[in-house]
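The structure is shown first for reference.

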Amino acid sequence: MRKLFMHPCIFHQVTGFYCPGCGGTRAVLALVKGNIIQSFLYHPIVVYTAGLLIWYGISHVLEWISKGKLNIGMRFRNRYVYAGLFIVLINWLIRNFLLFQYGITLGDL
């Protein structure tokens, strides 16, 4: 199996901290391979977004098939965005805490 080359995070190289997006590419690759738990550990926003997109698609297909009788199509809500931002913030804080307090890196996951 071929190893994928990923560019290092410039923010991490300069500051020593993980940026809020660090782990996102690894999370997407793990999710594509079907490793949901590994994807969540790399960056939970990827699993959250995939779940929202899947529910969006399914709900609109069911609404379309029922010709509007099932009014379950997912609609935009600000709370989805706020939940995503909260997930990114908490992940960033925990990730950097683990890095500097215990030396646990993304590679250790």
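The points below treat the basis of the note, the helices, the core, selected residues and the surface.

1. Basis. This is a predicted model, in which local features need pLDDT of at least 70 and side-chain atom pairs count only at pLDDT 80 or more, while totals for chains, interfaces and linings use all residues. Residues are numbered from 1 along each chain as its sequence is written, and side-chain values use heavy atoms, with hydrogens and water left out.

2. Helix H5. Helices here are DSSP runs of H or I with at least four residues, numbered from the N terminus. Helix H5 comprises the 25 residues 78-102. The expected span is 1.5 Å times one less than the number of residues; for H5 this gives 36 Å, and the end C-alpha atoms are 36 Å apart, so the two agree. Just after H5, Gly 103 adopts a positive phi of about 75 degrees.

3. Burial within H5. Buried denotes under 20% relative accessible area, exposed over 50%, and partly exposed the range in between (1.4 Å probe, protein chains only). In H5 the buried residues are Gly 84, Asn 91, Arg 95, Asn 96 and Leu 99. Their cover includes helix H1 (10-15), helix H3 (36-42) and H4.

4. Nonpolar core. A nonpolar core is a set of buried Ala, Val, Leu, Ile, Met, Phe, Trp, Tyr and Cys residues joined through side-chain atoms within 4.5 Å. The largest has 10 residues, among them Tyr 18, Cys 19, Cys 22, Leu 99 and Leu 106. Helix H2 (24-32) and H4 are the elements that give two or more residues to this core. Contact means heavy atoms within 4.5 Å. Leaving out residues up to four places away in sequence, Tyr 18 touches partners that include Phe 11, Trp 92, Arg 95, Leu 99 and Leu 106.

5. His 43. This residue is placed in the loop between H3 and H4. His 43 counts as buried because its relative accessible area is 2%. Beyond its neighbours within four places in sequence, His 43 is in contact with residues including Pro 20, Cys 22, Ala 27, Val 88 and Asn 91.

6. Ser 59. Helix H4 (residues 44-65) contains Ser 59. Its relative accessibility is 0%, so Ser 59 counts as buried. Not counting residues up to four places away in sequence, Ser 59 touches Ile 72, Gly 73 and Met 74.

7. Salt bridge. How many salt bridges does a search of the whole structure find? The search finds one, with the criterion being a side-chain nitrogen of Lys or Arg within 4 Å of a carboxyl oxygen of Asp or Glu. Arg 75 pairs with Glu 63, and the closest N and O atoms are 3.2 Å apart. Because Arg 75 lies in the loop between H4 and H5 and Glu 63 in helix H4, the pair ties together parts that are 12 residues apart in sequence. Arg 75 is partly exposed at 34% relative accessibility, whereas Glu 63 is buried at 16%.

8. Nonpolar surface. A patch of about 910 Å² is formed by residues including Ile 54, Trp 55, Trp 64 and Ile 72. Such patches consist of residues with over 30% relative accessible area and no salt bridge, with nonpolar side chains (Val, Leu, Ile, Met, Phe, Trp, Tyr) joined within 5 Å and like charges within 9 Å; accessible areas come from the Shrake-Rupley method with a 1.4 Å probe, and for residues only the protein chains shown count as cover. Ile 54 is located in helix H4 and is exposed, with a relative accessible area of 53%.

9. Lys 67. The phi of Lys 67 is near 55 degrees, a positive value in a residue other than glycine. Most residues other than glycine have a negative phi. Lys 67 lies in the loop between H4 and H5 and is exposed, with a relative accessible area of 75%.
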